[in-house]
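Open the model in your viewer and keep the selection panel at hand.

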Amino acid sequence: MTQKAKNYWLMKSEPDVYSYDDLVKKGSGMWDGVRNYAAAKHMRAMEKGDLCFFYHSNIGVEIVAIMEIAREYYPDPTDEKGKFVAVDVKPVRKLKNSVSLKSIKANPKLADMVMLRQSRLSVAPIAQDEWEEILRISGE
DNA sequence: GCCAACGTTGGC
DNA sequence: GCCAACGTTGGC
């Protein structure tokens, strides 16, 4: 049974630390280690079944895949102070073609994306029309 | 490796 | 509660 996603997100990871292929290998993953209040706020708003782009920062610098929120937020076990949260994710599929930051910046429809306005934010919301535009660019 | 952007910390 | 100093992120 497929649930319709209510919200769309984007999460960044450095692929030499944790890549989409690592997530596929494991089957599912815990998204932990976020130490930024704005990012944590977004994670708290995530609902099971929401879809999320997997973005590779530093190496590649592109959106490579789609994943799904498999479990809503819970206290991040790696945060001793108990302030931050983690969510569980599972892979959905790789994009047919990765969407580079360059092509996002070049697209006027994507100029207002949160990830461009706040480039250092590791977890960002995506509007539905932005989501669809990125899928279109990726050749889906 | 550099540097801009920006979040966090700590003194007052 | 302000703000300067500092640390971190992430693109290039």
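What share of the contacts in chain A with a separation of 6 or more comes from residues 24 or more positions apart? The share is 69%, where a contact means C-beta atoms, placed from the backbone, within 7 Å.

This is a predicted model: local features need pLDDT of at least 70 and side-chain atom pairs count only at pLDDT 80 or more, while totals for chains, interfaces and linings use all residues. Residues are numbered from 1 along each chain as its sequence is written, and chains are lettered from A and ligands numbered from 1 in the order in which they are written.

**Select chain A.** Color by secondary structure. You will find 5 helices and 6 strands; helices are DSSP runs of H or I with at least four residues, strands are runs of E with at least two, and both are numbered from the N terminus. From the N terminus on, the order is β-α-β-α-β-β-β-α-α-β-α. The radius of gyration is 14 Å, close to the 14 Å of the globule rule for 140 residues, so chain A is as compact as a globular protein of that length. That radius is taken over C-alpha atoms, and the rule is 2.2 Å times the number of residues to the power 0.38. Along the principal axes, the C-alpha trace spans about 40 × 35 × 30 Å.

Strands β3 (residues 51–56) and β4 (residues 62–75) pair antiparallel over 6 bridges; pairing takes at least two DSSP bridges. Leu-51 has Glu-68 in β4 as its bridge partner. In the hairpin, 5 residues separate the strands, and Asn-58 has a positive phi near 65 degrees.

Ala-65 stands opposite Lys-94 in β5.

**Pick Glu-80.** It sits in the loop between β4 and β5. Glu-80 is exposed, because 8 other C-beta atoms lie within 10 Å; exposed means 12 or fewer.

**Show DNA strand C.** Around it are Lys-12, Ser-57, Asn-58, Val-61, Leu-101, Lys-102, Ser-119, Arg-120 and Ser-122. Each has its C-beta atom, placed from the backbone, within 6 Å of the strand. Asn-58, with its positive phi in the hairpin, is one of these residues.

**Show DNA strand B.** Here select Asn-36, Tyr-37, Gln-118 and Arg-120.

Notes
A residue is buried if 20 or more other C-beta atoms lie within 10 Å of its own, exposed if 12 or fewer, and partly exposed in between; C-beta atoms are placed from the backbone. Two residues are in contact if their C-beta atoms, placed from the backbone, lie within 7 Å.
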